[in-house]
Each structure stands twice: as C-alpha cells, then as structure tokens.
Amino acid sequence: MSTLNGNQNGKTYYDLSGKKLKTLPTDLFKSGGDAVKVDLQSNRLKQITGISQLTNLKELNLSKNEITDFPLEIKGLRQLETLYMNQNRIKTIPENVFTALVKLKFLKLSTNRLENLPIDVKSCQDLTYLNLSNNCLKNLDPIVDLTHLKELYVERNQLSELPDKLFQNNGLTQFKANGNPLRKPPVEVCAGGLSDIKSYFIMLEENASHVYTVKTMFLGNSLAGKSTLCRSLEKGCPVPVEENDRTVGIDISEVNRDGIRFCFWDFAGHEEYYITHHVFITPQAFVILAINLSSYNVDDQSFKENVEFWIKNLQLKVPDSVVLLVGTHVDQCTAAQVLEKKTHIEERVKEMLEKHKVNLEQRRKNLPDEDNPSLNNDQINQIERLIEYKLKVLEFIPIDCTKQEDINRLLARIKNYVLNKDTFPNIEKTLPRSFYDVEKDIYELVKNEDIPKHGYVSQNVLLPELKSRHDTLDDDQLKLILQYLHRIGVIMWYKEITELAGSVFVKPSFLISLFKTIVRHDLVQELNKISPAQLKSENALVREKKIWISDYKDRASLSNVAIRILVRTELQKNYGENDEELIQEVVGSKNKKGSLLELLKHFDVCLPTKHNSPLNPKANEFWPKQVWEASNPIVYEPDACLFPHYLSDNEQVKQKWESDHTEDLNVHVYLLPEIPHGFFHRLVIRTCSLYSPYWIGKDQCMLCRGNKRFLLRECHDEDQFIEIRCKESELESSEDIQNAWIVIREIMKRLNTLTEQWQGLYQIVHSPCKAQDCNDFFKWNYWQEWLELEDSGTNPFNVGLDEILTCRYGHQRRTELLFPRTPDADLNGGHMK
Ligand SMILES: Nc1nc2c(ncn2[C@@H]2O[C@H](COP(=O)(O)OP(=O)(O)OP(=O)(O)O)[C@@H](O)[C@H]2O)c(=O)[nH]1
Ligand SMILES: [Mg+2]
Ligand SMILES: [Zn+2]
C-alpha cells in the first residue's frame with residue numbers, strides 16, 4: 001500500500017492526510033488491521049465505515065473532515081489512547097461510546113458544534129488532555145470526575161459557571177476558558193488563570209456576596225451633552241455645563257443608586273482622543289450614546305457622524321454592548337422636529353443592525369459551497385460566533401437636560417434596564433466577600449491620606465496597609481483581588497509591564513490625567529505655552545521649543561523633553577511642587593524612561609524612537625544596494641515619540657519602497673466587517689518595535705530585515721485589507737523565500753493578536769495570483785495553526801498542497817511563493833503527532 005509509512009518503533013502507522021478521501025481506502029483494512037496509528041486529517045470524510053476493523057489502533061486523527069454525526073463505530077477501538085476529532089461539524093455525541101474507550105488519554109474535540117457532553121465521558125478515567133474549545137457547551141458537569149486531567153481547554157463556549165469541583169483536582173496544570181459569558185467565577189478572575197480560579201473558589205467558601213456593578217460609558221460627539229447627562233444623573237438633578245468646559249480625555253465618577261453601583265466614564269468627544277479611548281472601551285458595559293438633536297440634520301452625513309461611527313466602533317470592539325440612545329437639547333427643537341429626528345435615527349439604526357446581521361449570514365451561507373467545505377470549519381465557527389453576538393440598541397429617549405422631570409424619567413428608565421436580566425445577564429457577580437471589602441478599604445486609604453491623593457502607590461506600601469486590615473488574606477490573595485479590580489477598571493495595575501509591575505494606580509483618573517497632558521486636541525497650544533523657566537528646568541533652548549512644535553506638526557513626532565515638561569507642569573499644578581520623586585517616576589529622566597512612556601507604548605499609542613547611537617546596533621543594519629545613512633529624519637529623531645496617527649502622507653515610504661512588482665511575496669489580510677479605526681497604526685507600532693530601520697507613513701510602512709524590504713499597507717478598496725509584501729528582487733534562493741516567510745509570520749502574529757482586541761472582527765487571508773491583471777487568489781486555511789507552529793508541529797501548508805499551484809485561469813506558480821510551505825516536506829511522514 002502506497003500510504004504505508006512502515007514501522008515506527010515496531011508500530012505500524014499510515015499517513016493518509018490531505019488526500020481528499022471521502023471514504024476509507026479498502027487497502028487500509030486489507031493489511032490486516034495491524035495499524036496502530038492512522039492519520040486521516042484534512043480529508044472529506046463524513047463517516048468512517050470499517051474503522052472498527054482496526055482493533056489495534058492506538059492513535060486516530062480525524063481532524064478537519066466533514067463529520068456531522070459522531071461515528072458510533074469508534075466504540076470498537078478499545079485500544080484507542082489518542083483521538084483527534086477537532087474541526088468537524090459534530091453536534092452531539094451519543095451515550096455509550098466513551099464507556100468503551102477506557103484507555104483514552106488524549107481527546108481533542110475543539111471547533112465543533114457540541115451543545116452537551118455525554119455523561120459517560122467520565123468512564124475515561126485515564127484522560128489527561130481534553131480540548132473542548134470552540135463549541136456551544138453550557139455546562140461542564142459531565143467532566144468533573146475526570147480526576148487525572150492535566151490539560152483542559154474550554155475557550156469560546158457558552159459557559160456561565162465553572163464547577164468548583166474541577167479545581168479541587170491538583171493535577172490540572174493547564175486550563176483556558178476565555179470567551180465565555182462567565183459569572184462564577186467572573187471573566188475577570190478567569191483571565192488570571194488556574195491559580196486565580198482556585199483561590200477564588202477557596203475564598204468563596206468562606207463568604208460569598210452578590211454585587212451589582214455597572215460600568216456606564218458616555219459616548220458621542222463633542223457638545224452632544226455627555227458631561228451634562230453624566231453629572232445630572234450623578235446628582236439626580238440638572239447640572240449645567242459651560243460651553244467652554246470640553247472634556248479632555250475621560251472623567252470618571254461613581255454613584256450608588258438603589259443597591260446598584262454605577263461607574264460613570266465620561267469620554268471626550270473630540271476625535272483625537274479616540275486613540276486612548278480604545279483601551280477603556282471594555283466589554284460588559286452599558287453605553288449611553290448622546291446625540292445633540294438640535295444640531296442633528298435628517299441626512300446621511302449627520303447619521304454617520306453622530307450615530308453610525310459610534311455604533312460601528314462598538315460592534316467591532318465589544319459586540320455584545322448594550323446601548324441606550326439619548327437625544328439631548330429637545331428644548332431647542334419643535335415637537336415635530338424631535339419626532340422627525342427620532343424616527344430617522346431609529347430607522348437608520350435598525351437598518352444598520354439588520355444589514356450587519358444579513359452580511360454575516362450571507363458569508364456564513366456562502367462558505368460551505370466552495371470546493372472543499374471542511375477547509376472552512378474554522379471560518380464558519382468564527383462567523384457563527386459573531387452572529388451570536390447581538391449588540392442591543394435600546395429605545396431612543398429624547399430629553400431636555402435642563403429639566404428635572406426629564407432627568408427623573410431617564411434615571412427611571414436606566415434603572416429598569418439595568419435590573420433586567422435579559423438585557424444585562426452579567427450584572428450580578430458572585431464574589432468572595434473579601435473582594436468587596438478590600439475595594440472599600442482602598443478608597444478609605446485614599447480618603448484618610450494613608451496613601452498619596454494621586455493614588456499612584458508602590459505595592460510595598462499598599463499591600464502591608466491592606467494586610468493590616470485583612471489578616472486572613474495573604475499576599476497572593478490580595479494580588480488576585482487587585483488584579484480583579486484592575487480588570488473591572490476600578491484601579492489600574494499593569495503587572496505585565498516590568499517597569500510598572502511594582503506599582504498600582506489606585507485612582508484611574510490619575511492615569512488618564514497623565515495621558516491627557518500629551519494626547520489632546522490642543523497640544524500645539526500647550527507646547528506654545530511652555531515658558532523659558534520651564535525650558536531651563538530641562539536645559540532646553542527656546543529654539544528647541546520651535547523645533548518641537550514643527551516636528552509635531554510636520555512629522556507627528558514629539559520630543560521626550562517636551563513630554564517631560566508638559567507632564568511636570570501638570571503634576572506640579574495638581575499635586576504640588578515638591579513631589580520630585582513622583583515626577584521622576586512618571587516622566588523619567590535622561591537615563592531612565594518614565595512610567596508614562598511605558599504606558600503609551602503598551603497601549604500602542606506611540607512608538608518610542610531611539611537615538612541612532614552605537615548603543616543601538618540594529619539601527620545600523622544595512623539594506624540593499626545603498627549605504628545606510630544615519631540621519632533618517634523621522635525615525636531617528638533622538639529621544640522622541642512618534643504618533644503615527646497624526647501622519648498625513650506616505651511620501652517617504654513610497655520613495656524607499658520604490659514600486660510594487662507582481663512577483664513580490666504578497667499576502668492580503670482581510671478584516672471584516674471593516675478595518676477598525678486606529679488598527680493599522682497600532683499594528684505598525686507593534687511591528688516596528690521589532691525591526692529596523694523602518695519608515696512610517698499615513699497608511700503605509702516599510703521595514704527592513706537584513707537585506708529584505710517589507711511593506712505594510714492599509715487598503716480601502718471595496719474590501720478592506722492589510723497587505724504585506726516582500727520585495728521580489730531580494731528573493732533569490734529558496735532559503736531567501738523561507739526567511740521572508742519567517743518575517744511575514746512575525747508580522748501576522750502581531751496582527752492576529754491585535755485583532756483580539758476587537759471581538760467583533762474576523763479575518764480572511766489570501767495570496768493573490770501573481771499573473772498580471774488576474775483577479776484570482778489562493779485562500780489560506782489553518783494559517784492560525786501556522787502562526788502557532790512550533791518545531792515539532794506539522795506545517796498545515798505541507799498537508800495536501802502540491803509543489804505547484806494553478807489558479808482558475810491556468811496561471812502557475814511554485815507553492816512556496818504563495819504559501820509558507822516548507823519545500824522539503826517530509827513526505828514520508830514521521831511528523832504525525
Ligand atoms: N439647552 C440645552 N443645553 C444642553 C442640553 N444638554 C447639554 N446642553 C449644553 O450643551 C453644551 C455641551 O454639553 P456637554 O455636556 O459639555 O457636551 P459633551 O458631550 O460632554 O462634549 P465634550 O466634552 O466636548 O465631548 C453645554 O453647554 C450644556 O450645558 C440640553 O438638553 N438642552
Ligand atoms: Mg464632556
Ligand atoms: Zn491567475
């Protein structure tokens with residue numbers, strides 16, 4: 001038999017992967033049922049009749065097929081230890097299958113449509129690995145008795161609770177549960193991983209409490225009336241806001257009403273702030289979208305700017321948001337106008353939500369019609385998940401913010417909605433009592449000035465203070481609580497940033513006030529205001545100030561010295577002259593980067609650009625056919641921050657890249673439904689901190705790696721995509737091509753993780769056909785697997801792909817130019833896992 005791969009340690013195994021099989025080949029059975037391992041992944045199997053003849057089988061791989069009904073015949077494989085059934089379309093598993101599979105150790109069922117697990121799965125007492133991610137499971141009760149589990153994955157299901165019994169098993173070392181609507185433990189605890197979940201259940205035993213907290217975000221354009229609404233709701237009566245009192249950044253406040261705790265986040269409406277807003281627009285929040293009815297016109301433009309922009313962004317970022325539309329300024333409109341505008345907005349919103357849904361369903365429907373449906377399982381799963389998200393837009397409430405009764409009416413409506421379980425299923429959380437107490441104590445500490453009033457405090461100070469008030473909690477438990485409070489946005493503790501891990505921002509408003517000093521709509525004015533005395537404090541000259549301003553205007557680059565001066569001024573204004581330690585910590589000094597820059601980098605707001613000194617050997621990397629000059633004006637500005645967001649053209653990039661060539665390596669990453677606001681610049685910031693030299697423009701960026709040039713480009717044709725190219729003239733050998741793919745993989749990895757920040761986004765990847773004017777393309781499947789590939793794994797592009805690929809119009813290319821295929825694929829197998 002041609003597919004017999006011979007003996008491996010005396011065991012017979014067969015590699016039948018990627019052969020377009022619809023049934024099992026009879027050869028497999030002829031050879032006498034001696035098979036120990038069979039790899040059937042990436043075929044088109046719907047059933048596997050005959051498999052039970054292979055009674056010696058220990059390992060069976062059926063991943064990436066078209067199985068919808070769990071094959072009962074598997075029952076006959078009593079020696080089975082390893083079973084891959086992932087990436088199929090299985091809805092249920094009948095009872096009495098697992099009772100026969102008592103030797104099973106490894107079971108992968110991820111990416112199917114399972115709603116339940118059979119109770120008898122507990123018969124598999126030897127199971128150590130179980131992967132159930134990407135299904136529709138609502139509870140995990142059937143698996144709590146699997147006491148030998150070491151690894152368990154249940155990401156992206158519909159779990160609202162995790163059974164605590166599962167975590168009494170001390171053998172469990174790996175557990176992932178992202179992407180579930182969890183209440184117990186809350187998502188914010190699960191995000192901390194296995195040890196946090198275990199601690200949570202232990203603390204819960206002592207004393208549980210149910211907390212109702214709603215983060216309420218006020219969004220909408222400038223002058224819409226957000227601050228007016230926010231302050232009036234807080235006070236319970238109309239609060240006038242001055243016309244020149246524009247919100248800068250975000251204002252945060254807190255109110256308790258009838259046992260519900262509201263955290264109000266009043267966002268500034270100016271577009272400049274959107275780059276920092278992004279970070280604070282978080283899931284499970286309640287959004288009040290304010291629309292100024294007096295300036296609203298009944299037309300497309302007005303709808304787009306005042307309503308659509310915000311709803312679209314929410315749909316991409318947090319697609320399960322709940323949005324209340326509030327029309328302000330009704331006192332400045334006639335009753336007829338209010339009605340007309342209200343109807344217009346309501347109808348257009350309905351249309352837009354409907355269109356979003358139809359588009360997704362259309363895509364979902366079109367997918368399986370393609371040549372090889374099993375290739376699309378991942379994609380279908382992704383889209384179905386997006387269809388399940390339902391952004392809820394509640395009613396439209398027109399109000400006059402200056403009238404008491406309108407404020408009362410709004411308050412009553414909000415309370416009604418918030419207490420409605422259908423609207424807010426996650427508002428009630430089960431938490432150990434201590435979570436609540438610790439939070440209260442932190443506020444006390446600030447109030448009593450046991451910690452400074454800005455609330456930026458070292459853990460060495462905070463933890464002992466808290467411990468003295470809670471003698472039953474140890475450091476780890478306190479840290480778990482702090483981490484939880486960070487995730488719900490009550491405090492901020494960036495433990496993943498090394499330089500900041502030791503400190504906590506007990507008041508988020510302090511952190512935001514730092515951002516506000518440099519990310520603001522009137523920054524140039526602020527720079528102009530810098531006085532000679534302030535300049536002197538940093539040993540700067542007046543002429544430098546002029547350079548800062550022109551660099552900022554022309555090149556989106558802001559000197560670190562200027563940043564230090566602006567922040568110092570702000571801190572001195574609010575917290576007194578004398579706290580030099582705080583100032584140093586935040587703004588840094590010539591030798592040490594301050595925490596502010598670390599944060600801005602962490603949030604992908606700007607790219608710290610380095611001085612081209614011998615200390616930075618990377619900066620001297622040569623690139624093709626030119627001598628590398630040290631004085632690139634944008635990038636090697638010593639000690640500055642680049643804000644790609646403010647760049648206005650691509651001239652420099654174009655000049656360095658020269659022109660495209662059809663033979664360039666070329667990958668298109670489509671982002672659907674559209675590329676989110678600020679996505680490309682975040683990608684550029686993340687990528688350019690890896691490679692240099694680089695050149696950044698408005699929506700293009702070129703970077704070099706060794707002697708190869710790569711281009712990133714945001715494309716806004718009808719479809720929106722990000723293009724990644726590698727220059728063809730620099731690809732002479734097969735090794736060159738492989739090396740270029742390595743860089744492209746790094747870029748795509750960053751792109752892929754960045755995408756996770758927008759839950760409503762999905763990606764499709766193509767390599768366009770390289771022939772001139774041909775529109776055909778080659779679709780990438782399982783590319784996420786390729787991104788995660790470790791040395792031991794099978795490159796999915798080596799399974800079932802020929803050496804040469806042909807587009808539908810007959811143009812041919814070597815596969816390695818279209819896909820990251822490794823040329824010497826070990827056709828003899830031996831890499832079956
Ligand atoms: N007459 C009238 N004035 C209102 C109403 N709502 C808000 N205003 C006024 O409109 C102006 C702008 O309101 P703000 O609440 O500051 O607007 P904002 O949305 O917070 O604006 P940014 O902070 O710039 O994003 C203020 O002067 C308010 O007093 C209303 O219903 N009627
Ligand atoms: Mg405001
Ligand atoms: Zn073609």
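Predicted model: local features only at pLDDT ≥ 70, side-chain atom pairs only at ≥ 80, totals over all residues.

Colleague: Okay, how many helices and strands does the protein have?

Modeller: There are 24 helices and 30 strands. The radius of gyration is 29 Å, close to the 28 Å that the globule rule gives for 833 residues, so the protein is as compact as a globular protein of that length.

Colleague: And what box do the C-alpha atoms fill?

Modeller: Roughly 90 × 70 × 60 Å, taken along the principal axes.

Colleague: What share of the residues counts as buried?

Modeller: 56% of the 833 residues. The protein exposes about 36,500 Å², and 47% of that comes from carbon and sulfur atoms. As for contacts between residues at least 6 apart in sequence, 61% join residues at least 24 apart.

Colleague: On to the ligand. Which residues are closest to ligand 1?

Modeller: Ser222, Thr228, Val241, Gly269 and Asp331 are the closest of the 22 residues that surround ligand 1. By type, the shell splits into six nonpolar, 10 polar and six charged residues.

Colleague: Which element gives the most to that shell?

Modeller: Helix α4, residues 226-235, which contributes three residues.

Colleague: What about polar atoms, which residues place one by ligand 1?

Modeller: Thr228 is one of them: an N or O atom in its side chain is 2.5 Å from an oxygen atom of ligand 1. Ala224 has a polar backbone atom 3.2 Å from an oxygen atom of ligand 1. Then there's Gln332, with a polar side-chain atom 3.3 Å from a nitrogen atom of the ligand.

Colleague: How much of the accessible area of ligand 1 does the protein cover?

Modeller: It covers 92% of the 650 Å² that ligand 1 has on its own.

Colleague: Which peptide bonds are cis?

Modeller: Leu672 to Pro673 is one, with omega near 0°. Pro673 is in the loop between β22 and α21. The bond from Ser692 to Pro693 is cis too, and Pro693 is in the loop between α21 and β23.

Colleague: Switching topic, where does Thr276 lie and what is it in contact with?

Modeller: Thr276 lies in helix α5 and counts as buried, at 7% relative accessibility. Leaving aside neighbours within four places in sequence, Thr276 is in contact with Phe515, Val519 and Val605. Thr276 and Val605 are 329 residues apart along the chain, yet their C-alpha atoms are separated by 7.0 Å.

Colleague: Last one: what does the side chain of Arg709 make a polar contact with?

Modeller: The side chain of Glu658, at 2.8 Å. Arg709 is in strand β25 and counts as buried because its relative accessibility is 5%, which is under the 20% cut-off.

Conventions. Residues numbered from 1 in each chain as written. Chains lettered and ligands numbered in written order. Heavy atoms only, no water. Near = heavy atom within 4 Å. Polar contact = N/O pair within 3.5 Å; in protein donor to acceptor, adjacent residues only side chain to side chain. Areas by Shrake-Rupley, 256 points an atom, 1.4 Å probe, with all protein chains shown as cover. Helix = DSSP H or I, 4+ residues; strand = E, 2+ residues; numbered from the N terminus. Nonpolar A, V, L, I, M, F, W, Y, C, P; charged D, E, K, R; others polar. Rg over C-alpha atoms; globule rule 2.2 N^0.38 Å. Buried < 20%, exposed > 50% of the residue type's maximum accessible area, 1.4 Å probe, protein only. Contact = heavy atoms within 4.5 Å.
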